[in-house]
Amino acid sequence: MSYGKYSVFDLKFMEKMIYMVTLVKEKILTFGKMIKFHHTVFALPFALSAVVMAWRNHPFKISDLIWILVAMVGARSAAMGFNRIADAAMDGKNPRTAAREIPTGVLKKKDAVIFVLISSLIFIFSAAMLGKLCFILSFPVLFFLFFYSYTKRFTKFCHIYLGAAISLAPLGAWIAVTGSVSISVIFLTLALMTYIAGFDILYACQDIDFDRKENLYSFPAVTGPEKAMKFSSVLHCFTFIFLFFMYLSFKMHPVFLGFLLLIGMLLIAEHKIVKPDDLQHINVAFFNINSIISILLFAGILTDAIIR
C-alpha cells in the first residue's frame, strides 16, 4: 500500500528516523544540563585570552584554536560528568541538588560513565592533535580534574583546588600554542584560580547546613559564612593584582587598564550584593556578574591585540 509517492515502509522509516533524532536531541540536552554546559563561559575566555597572547610571538594556526576548543569542552565535560557520578548520592540528599539528572533517574549512572569515557577520549585525542607534549600531559590533567570531586570530603581548601583545576585551561592553551611555559601566562592562570575559588566559596554558602550535616569540608561550613566571605574577598583582590601583573608582564596597551577597572568594580559589586545573612542574589553574582567579568577580560586582551 502507498500514500501518494510514499509507501507504508517509507512512512514507518521516516517516523523511526524522526523518533531517533528526537531521542538523540533529548539526550544531548540532558547531558548538557548535567554538566551545566553554559558555565563554560567562566573559563573559556581565559583560555582564549591565553591563545591571543601566545599568537604575539607564534604563528597563527586556526587548527590550534579548533583543537584547543575541542580539548577544553572534552576536559570540562569529562570532569563535570565524573563529579556528578561521584556526588550522586550526596546530591540526592541535598534539597538544592536533588533534582539533578542522576539522583532523579533522568540519567542512569552507566550512561554518565559512558559520557565521561567518550569526553575523556575526545580530550586526549584533541591534546594529541596539539602535539606530543600536550598528549603526554593530558593523562595527569584528567586525573587532577577528576580528583577534585573528592576534595570536599577532607579539606576546606577544595575551592582552591577547583580554581587550580580550572586554571589549567589558559595554561594548557598557552602550552598548546607555544610548547613552553611563561611567567606572563602564570599570572593569568593564578588570576583564574583565585577568581574561580573566590566565587565558588560564595556559592558554597548555600549548602552550609547540608555540608555540616554530611561532614563535608567546604570553607563556609568549616569557618562560617562571615569568614568565608572575607576569604573570598581576599582571593578576588589577588585576582585583580594578578591581572595587573599580567598587564605589566605582557607590556600591554594602557587601554587594558580600562577593562581591568571595570572588572575590579564588578568584583566589588559581587561582594556587595552577597552577604552572610542574605544569599538571595547569589545566582546573580555567580552567573551574571562572573560571566561579564570573563567576557570583559577577553575583550580587553583582544582589544590590546588589535591595537598592536
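Visitor: Fine. What am I looking at, and how are the residues numbered?

Guide: This is a predicted model, with residues numbered from 1 along each chain as its sequence is written. Local features need pLDDT of at least 70, side-chain atom pairs count only at pLDDT 80 or more, totals for chains, interfaces and linings use all residues, and side-chain values use heavy atoms, with hydrogens and water left out.

Visitor: How many salt bridges are there in the whole structure?

Guide: Six, found by a search of the whole structure. A salt bridge here is a side-chain nitrogen of Lys or Arg within 4 Å of a carboxyl oxygen of Asp or Glu.

Visitor: Which residue does R56 form a salt bridge with?

Guide: D304, with the closest N and O atoms 2.8 Å apart. R56 lies in the loop between α2 and α3 and D304 in helix α15, so the pair ties together parts that are 248 residues apart in sequence. Helices are DSSP runs of H or I with at least four residues, numbered from the N terminus.

Visitor: Is D304 buried or exposed?

Guide: D304 is buried, at 1% relative accessibility. R56 is partly exposed, with a relative accessible area of 31%. Buried means under 20% relative accessible area, exposed over 50%, and partly exposed in between, using a 1.4 Å probe and protein chains only.

Visitor: And what does E214 pair with?

Guide: E214 forms a salt bridge with K93, where the closest N and O atoms are 3.6 Å apart. E214 is in the loop between α11 and α12 and K93 is in helix α4 (residues 88-93), so this pair ties together parts 121 residues apart in sequence. K93 counts as exposed at 52%, while E214 is partly exposed at 23%.

Visitor: Where are D207 and R96?

Guide: D207 is in the loop between α10 (183-204) and α11, and R96 is in the loop between α4 and α5 (101-104), 111 residues apart. Their side chains meet in a salt bridge, 2.6 Å from N to O. D207 is buried at 5% relative accessibility, and R96 is partly exposed at 33%.

Visitor: Switching to helices. At what angle do α2 and α9 cross?

Guide: The axes of α2 (residues 44-54) and α9 (residues 168-178) cross at roughly 30 degrees and come within 7 Å. That makes α2 roughly parallel to α9, since angles under 35 degrees count as roughly parallel. The axes are lines fitted to C-alpha atoms over the stretch in contact, with angles running from 0 to 180 degrees between N-to-C directions.

Visitor: Which residues form the nonpolar patch on the surface?

Guide: F60, I62, I66, V70, I114, I118 and I122, with about 620 Å² of accessible area together. Patch residues have over 30% relative accessible area and no salt bridge, and nonpolar side chains (Val, Leu, Ile, Met, Phe, Trp, Tyr) are joined within 5 Å. The areas come from the Shrake-Rupley method with a 1.4 Å probe. Helices α3 (62-86) and α6 (109-129) each supply at least two of the patch residues.

Visitor: What about K251, where is that?

Guide: K251 is in the loop between α13 (225-249) and α14 (255-273). Its phi is positive too, near 55 degrees, and K251 is exposed at 66%.

Conventions. Patch = residues over 30% accessible without salt bridge, like charges linked within 9 Å, V, L, I, M, F, W, Y side chains within 5 Å. Parallel < 35°, antiparallel > 145°, perpendicular 65-115°, else oblique.
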